[in-house]
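Please look over the structure below before reading on.

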Amino acid sequence: MYTVTNEVRNLPERMHSSALTPALLTLLAGLIVTSVLFVSSRRLEHDKIEASFRKNAEICLQTVQHELDEAVMALGAINQLFVTNQTVSREQFRIFTRPLLDRYPHVLNFNFHRMVSQAERPAFEAEQRKRYPDFAITEVDGQQRVTARSRQHYRVVDYIEPMQGNEAAFGLDAGFQSEQAAAMQRAADSGQAAASGLFRLAQEKGRQRGFLVLMPVYRHNASLHDAASRRQALLGDTSAAFRAGDLIGQILAKTRLANPTDISISVYANAASDDQYLAFRKGSKAMPAMHDGILPRWLFYNQPGTASMPLQVAGTPWHMTVSAAPEPFYKANNNALYALIASALLSLLAAAYVYTLSSRSRRIQSLVQLRTAELRLSNQRLNDDIAARKKTEHRLQILESAVQSSANTIFITSASAPDYGIEYVNPAFERMTGYAAHEAIGCNVRFLFRDDQQQDGLKNIQEAVRNRREGHAVVRNYRKDGTLFWAEIYFAPVRDEAGQVHHFVVSSHDITANKRYQAELEFQAGHDVLTGLANRNLLGDRLNQAITEAACHGHPVWIISADLDRFKFVNDTLGHKAGDMLLQVVGNRLQQAVREFDTVARLSADQFVLVLQERGDAPLTLATIEQIMEAVAQPLSIHGYHFQQKCSIGVAIYPADGDDPEMLMKHADIAMYRAKESGRNNIQFYAESMNARALERLRLEGDLRNALERDEFLLHYQPQVDLRSGRIVGMEALIRWQHPTLGMIAPDRFIKLAEETGLIVPIGAWVIRTACAQNRAWQLAGLGYLRVAVNLSAIQFAQQDMVKSIAAVLQQTGLAAQYLEIELTESLIMTDVEHAIGILRDLKALGLQLSIDDFGTGYSSLSYLKRFPIDVLKIDQSFVRDITVDPDDAAIVATIISLAHSLRINVIAEGVETAAQLAYLQRNHCDEMQGYYFSRPVPADAFERILRQDKSLPIDAAGAVRSG
C-alpha cells in the first residue's frame with residue numbers, strides 16, 4: 001500500500017514526463033486508482049470484521065468466566081453454612097440450597113461429602129438406614145454401583161440436593177475416583193475451592209462428562225495454619241456438580257456467538273487444546289487459517305483469526321477457542337465491489353480524488369483506532385471498578401446472610417461509655433431472649449442480666465470492655481418472660497483505620513442444656529444411678545463430716561451396713577429388671593425410714609449403708625434400727641409376685657468401734673456378715689469377738705490345699721499393646737480361683753495366704769506350665785508369636801531348682817524361651833541384690849524376657865538397676881491412674897520412661913483406663929500399655945477371639961491413637 005501511495009503522489013511528475021498519449025495515461029491512472037481503492041476498502045472491511053469478531057469472543061469468554069465464578073461463589077455460600085454452624089442437618093442443607101438451585105439452573109446438584117473412617121462405617125450406615133432402609137456406602141465398578149470395599153477412609157455423598165435425578169450419587173464413596181481425589185487434596189491443603197477433571201458422573205445416563213467443584217469443610221475451632229493441620233481437621237467437603245456440555249451451552253446461549261452456524265467454539269478443561277479434555281464443542285474443530293497465494297486471501301475472503309483464551313474454574317486452568325469459517329468478501333459487504341466498478345469508470349481526476357480520500361480514510365481510521373483503544377482502556381478500568389464493587393457488595397451480602405442465618409446470638413453495641421447501647425441484633429437474639437429488635441436496640445446490654453449484676457463472668461466482661469480487648473465469659477441471662485438461661489459469650493472490639501475502637505461485636509449461644517448436663521454428671525458422680533442414693537464417694541464425704549461433727553459435740557454416729565437377704569434369688573428367678581425395681585423400692589423405703597439429715601447410700605448390688613447421727617433431741621436406739629428393718633420388710637409386689645424382702649444388718653458405732661471411716665465401714669461389714677451367718681434377718685453390733693476374717697482364712701486355707709487337685713484354678717489373659725503399631729505384642733497371665741461355693745475368687749484373697757502356707761510353689765509352677773502350653777497352642781493355631789508374662793513370687797524365686805524347672809517347662813511345652821517373660825517385684829530382687837543378679841543372669845541365659853513389675857513403688861537403686869539384665873519396666877498403675885490430674889505422678893511417669901530408655905529398657909504402663917492417660921503415655925514415648933482401656937483380663941477362649949479378630953488400637957499417620 002505504501003508503494004502504491006507513493007506512486008499516486010508521484011503521478012503528476014510521471015504525467016509530465018510520460019510520452020504516452022493522454023488516453024493511456026488516463027487508463028493507467030484509472031487502473032492504479034481502482035486498485036488502491038479496492039485494496040483499501042477490503043482492508044477496512046477485513047479489520048472491522050476482525051475487531052467485531054474479537055470483541056464478541058471476549059464477551060463470550062467474560063460471560064463464561066462470570067457464570068462459572070457465580071457457580072463457585074454459590075458453592076462458597078453453602079460452604080459458609082458449614083463454617084458458621086457446628087452441625088448442619090439434612091433439612092437445613094435442603095432449605096439452604098433450594099434458592100441457589102433455582103438461581104443457577106446449570107448446577108446439576110449441590111452435595112456434602114462426609115469423611116467416614118472404616119471404624120465409623122457401621123454406625124454411619126446404621127444411622128442412615130433409619131431414614132433410608134436400603135442405604136449402604138457404594139462405589140462404581142464398571143457401569144454398576146456395588147457396595148464399597150473396605151478401605152481406611154470414605155468420602156461419602158451424605159447430603160445431595162436435589163435428590164430427584166441424583167439418587168445414583170447418594171451414598172457413593174467419591175474417594176476412590178482419582179479425578180475427585182486429586183481435586184479434594186488440593187482443596188484440603190489450600191482451604192480454597194478446587195475443580196476436578198472431567199469424568200462420567202454417577203447419575204449420568206448419557207455419554208456426557210461432568211466435573212465437580214469442591215470446597216473443604218474443617219472441624220470447628222481447629223488450627224488451620226498449614227496443609228498438614230488442614231488435612232487433620234478435615235471433616236468433608238461441599239461440592240457442586242455440573243454437566244460440562246450443558247453448563248457451557250447454557251452460558252453461551254446468552255452471548256452473540258451462540259447462534260451463528262459458521263462459528264466454532266471449543267472449551268477444554270485444561271490449558272492445552274487436547275480433545276481428551278474437551279468439555280464443550282459447537283460446530284467443528286477450530287478451523288485452520290487459509291494461507292496466502294500470490295495475492296493475500298483477505299482480499300477475497302473474510303476469515304477472522306482463531307481466538308484462543310484462558311479460563312479459570314476454581315483455580316483450575318481451562319481453555320476456550322473461537323473460530324469462523326471463511327466466506328467470500330461480497331457476502332458480508334459489497335462496497336469494495338461497487339468501488340471497483342465505479343473506479344474503473346473514473347477519470348484521472350477521479351483517481352486523484354479517490355487517492356486523497358483513501359489517505360484521509362487511513363488517517364481517520366488510525367485516529368478512530370487510537371480513540372477506540374483509549375475508550376476500551378477506560379471501559380476496562382470502569383468494568384474493573386464495577387466488578388470490585390460488586391464483589392465487595394456480594395461479600396457483604398454473604399456476611400449479612402450468615403449473621404442473619406446464624407443460630408448463635410449476634411449483636412453489636414456502641415463502644416461509647418457509659419451507655420454501650422445496642423445498635424444491631426440478629427434474629428437469633430430475638431429467638432433466644434424473647435425481646436424484639438426494636439425493644440433491644442438502644443438499650444444497655446445490662447438489661448439481659450436484670451438484678452443479677454454480681455456475676456464473675458459479668459465482671460470479666462466489664463474489665464475487657466474497659467481495656468478495649470477481646471473477651472469470653474459464661475453468664476446467666478434472663479429472657480423477656482423472666483426465665484433464666486446460661487449463655488457463653490464471645491466479644492471483640494471493632495477498630496477503625498486509626499486503631500480506635502468504635503463498636504463491640506458480641507456472639508453468644510445458649511449453653512443451658514450443657515449446664516444441666518454438667519449438673520447431672522455432678523449428681524451422678526455422687527449418687528447411685530439406679531436408686532438416686534449416695535454412692536461410695538458421697539458416703540465417704542458424709543461420713544467424714546458426721547465424724548467431725550460428732551467429735552466436736554461428743555455424740556455417737558451409727559454406721560449401718562444392710563444387705564438384702566436372698567437378693568440373688570430374686571435376680572435369678574424374676575430377672576434383673578425385677579431386681580432393679582426391688583432395689584429402687586428398698587432404697588426409697590430406707591430413705592423414708594431415716595431422718596432428713598441422715599445419709600443412705602448404696603455401695604454394691606444389694607448392700608446399703610446408713611449413717612445415723614445422734615442428736616440431743618433424737619437419740620439412737622435399737623428400736624431405730626428395728627423400724628428400718630420393718631420398713632424394708634413391708635410386703636411388696638413385683639411383676640405379680642407378692643413377697644417380703646428382709647435384710648441382715650451390721651452396726652458399728654463411732655467412737656467405740658473406730659475413729660476413721662474406713663475402719664467403721666469395715667467393722668459394720670463384719671457385723672453384717674455375722675448377721676448373715678447367724679441366720680439372716682437380724683441385727684448384729686460389732687464386737688471384738690467377731691473374727692470373721694480368721695474364719696474365712698481357715699476355710700480358704702483348707703480349700704486352697706485341694707483347689708489344684710480339683711482343677712479349680714484358671715488363667716485370665718490381659719493384652720499388652722505396642723503404642724507405635726497399635727497391635728497386641730504380648731499378654732500377662734493372671735490366676736483366678738473358681739471356688740465351688742464362693743465363686744470366682746480374685747488373687748488378692750488367696751495369693752498372700754498361698755505364700756504364707758507355701759502353696760504358692762506348686763500353684764506358681766502350674767501357672768507357668770499352663771501359660772506356656774496355652775501360648776504354644778495359639779502359635780500352632782496361627783494366631784501369632786506373642787510373649788506371655790508370668791509373675792514370680794519371692795518364695796518361687798528362692799527355690800534352688802527354679803531355673804531348671806522353668807527350662808523343663810519350656811522343653812515340655814515346646815515354647816521358645818523368648819516368648820516367656822518372668823515378672824519380678826522391686827522388693828523381691830532388692831532383698832539380696834547379689835544373689836538376685838546371679839539368678840537373673842541364669843534366667844537370662846535361658847533366653848527369657850525379664851521385667852520388673854510395679855516399678856516405682858519399691859526402692860530400686862539406679863546403681864543396681866543398670867546391673868540387672870532387665871528387658872522391661874512396668875510402671876505401677878498407682879502412678880498411671882492420676883497422670884492427667886496430678887503433676888507429680890505425671891512427672892514420675894515421664895522420668896521412669898526416660899530413665900528406662902536411657903538404659904535401653906522397654907516400658908509398659910499398667911492400669912491404662914482412659915484415652916487421656918493413653919495420649920500422655922504416647923507423647924512421652926512409652927513403648928507398650930495394658931489396661932481396661934483396651935481390654936480387661938479375659939479367659940483363654942475370649943482372648944483367642946481377640947486374636948482372631950485382630951483387635952488393635954487405631955493409630956493415625958502421625959503415630960497417635962485416633963479417638964472414637
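## A residue in a helix

In which helix is glutamate 701 found? Glutamate 701 is found in helix α21, which covers residues 692-707; helices here are DSSP runs of H or I with at least four residues, strands are runs of E with at least two, and both are numbered from the N terminus. This is a predicted model, in which local features need pLDDT of at least 70 and side-chain atom pairs count only at pLDDT 80 or more, while totals for chains, interfaces and linings use all residues. Residues are numbered from 1 along each chain as its sequence is written, and side-chain values use heavy atoms, with hydrogens and water left out.

Glutamate 701 counts as buried because its relative accessibility is 19%, where buried means under 20% relative accessible area, exposed means over 50%, and partly exposed lies in between (1.4 Å probe, protein chains only). Leaving aside residues up to four places away in sequence, glutamate 701 touches Leu753 and Thr757, a contact being heavy atoms within 4.5 Å. Leucine 759 is 58 residues from glutamate 701 along the chain, and the C-alpha atoms of the two are separated by 9.5 Å.

## A five-stranded sheet

An open sheet of five strands runs in the order β4-β1-β7-β6-β5, with antiparallel pairing; two strands pair if DSSP finds at least two bridges between them. The edge strands, each pairing on one side only, are β4 (153-161) and β5 (194-195). Helix α4 (residues 90-103) packs on the sheet, where it touches β1 (109-117) and β4, and its direction makes about 60° with that of β4. Such axes are lines fitted to C-alpha atoms, for helices over the stretch in contact, and the angles run from 0 to 180 degrees between N-to-C directions.

Within the sheet, strand β6 (residues 210-218) pairs with strand β7 (residues 234-243) in the antiparallel sense over nine bridges. Glycine 210 has arginine 243, in β7, as its bridge partner.

## The chain and its cysteines

The chain holds 32 helices and 35 strands, and 45% of its 964 residues count as buried. Among contacts between residues at least 6 apart in sequence, 63% join residues at least 24 apart.

A search of the whole structure finds zero disulfides, a disulfide being a pair of cysteine sulfur atoms within 2.5 Å. Cysteine 926 counts as buried because its relative accessibility is 4%, whereas cysteine 443, with a relative accessible area of 29%, is partly exposed.
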